[in-house]
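Student: I've just opened this one up and I'm new to it. Could you walk me through it with some questions and answers?

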Amino acid sequence: MERSLETQVSQAVDAWLRWLPRWEPATHHGRVAPCRRCFGSPVLSAAGLGSDVPHGVQHGLSTRIKTIVDHAVGDYTARNLPMLQAELDQQAARNRARSYRPAEGLDPEFEGLPLDPEPAPGAPFLFTIAGLAEQSDADVPALPPLSDDAKAALRQELGLADDYANMIGREVCSILLHHRLRIQAAVTTYVEPQISAMLDELSRSLDDPFGIPPDQGATPL
């Protein structure tokens, strides 16, 4: 029997809670562009993960919830939208033909993130993972063009799929409201102490930028 939406959301939150104790703050420089999946996400708002929560913590949950919505929309499409399903099947077959697929099979904490770090000014990369993936994609023949009538029908089915995705998204957000307390409790237990430790370390560094112990300072005149 297919799992209910409530069960799927509960299991996704459970999986995120099992992962959260392994989370550590990133030590590299931050992202320049906001994550399109997480920035302003109603899912994160429903879960109580505001802008004061590190992006890595947010992303692990938003990706798991997105998978639930994607599967629901996929089932709806397979049952009701034959033209869109045929187009998706062709695209999936084309993707499988690529020799290099670095964005597939990633853990939820990394899915949808940029494949390469932000380049340092004046120090370009010799090559990038995204560039290699684009080169591999260019080697695969493009899908055949659609007629104007087919394009119009496909746009109509895409609109129906979007409407269904929005409906499922609203239901998921409503369900997430019931998990806010345990989500926020986990953030308090595993995330906030690490952030506080980082702020304390930063404060000590700013107070003593040269690392000179107080008893070894300059002798007053």
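Student: Let's start with R64: does it count as buried or exposed?

Tutor: Keep in mind that this is a predicted model. R64 sits in helix α3, which covers residues 55–80. Buried means under 20% relative accessible area, and R64 has 14% relative accessibility, so R64 counts as buried.

Student: Which residues does R64 touch, not counting those up to four places away in sequence?

Tutor: Start with what lies within that range: the backbone oxygen of G60 is 3.0 Å from a polar atom of the R64 side chain. Leaving out residues up to four places away, the list for R64 is A12, A15, W16, W19, P108 and E109.

Student: How far apart are N and O in the salt bridge between E109 and R64?

Tutor: Both partners, E109 and R64, are buried. E109 lies in the loop between α4 and α5 while R64 is in helix α3, so the pair ties together parts that are 45 residues apart in sequence. In their salt bridge, the N to O distance is 2.7 Å.

Student: Which residues are linked in a network of salt bridges?

Tutor: The count for the structure is five salt bridges. In one of them, R98 pairs with E104, with the closest N and O atoms 3.7 Å apart. In another, the side chains of R101 and E104 meet at 3.0 Å, N to O. The linked residues are R98, R101 and E104.

Student: How many disulfides does a search of the whole structure find?

Tutor: Take C35 and C38: the closest cysteine sulfur to that of C35 is in C38, 3.8 Å away, so they are too far apart for a bond. The cut-off for a disulfide is 2.5 Å. C35 is buried at 7% relative accessibility, and C38 is buried at 5%. The search of the whole structure finds a disulfide count of zero.

Student: Which residues is Q58 in contact with, leaving aside its neighbours within four places in sequence?

Tutor: Q58 is found in helix α3. Its relative accessibility is 9%, so Q58 counts as buried. With those neighbours left aside, the contacts of Q58 are C38, L44, L49, G50, S51 and V53.

Student: How far apart are the end C-alpha atoms of helix α4?

Tutor: Helix α4 runs over residues 82–97, and its 16 residues should span 22 Å at 1.5 Å a residue. Its buried residues are L84, Q85 and R94, and what covers them includes α3, α5 and α6.

Student: Now for the largest nonpolar core: which residues touch the most other members?

Tutor: This core has 39 residues. The elements giving two or more residues to it are α1, α2, α3, α6 and α7. I65 is in contact with V9, A12, V43, V172 and L176, leaving aside neighbours within four places in sequence. The residues that touch the most other core members are W16, L49, I65 and L176.

Notes
Residues numbered from 1 in each chain as written. Predicted model: local features only at pLDDT ≥ 70, side-chain atom pairs only at ≥ 80, totals over all residues. Heavy atoms only, no water. Buried < 20%, exposed > 50% of the residue type's maximum accessible area, 1.4 Å probe, protein only. Helix = DSSP H or I, 4+ residues; strand = E, 2+ residues; numbered from the N terminus. Polar contact = N/O pair within 3.5 Å; in protein donor to acceptor, adjacent residues only side chain to side chain. Contact = heavy atoms within 4.5 Å. Expected span 1.5 Å × (residues − 1). Core = buried A, V, L, I, M, F, W, Y, C linked by side-chain atoms within 4.5 Å. Salt bridge = Lys/Arg side-chain N within 4 Å of Asp/Glu carboxyl O.
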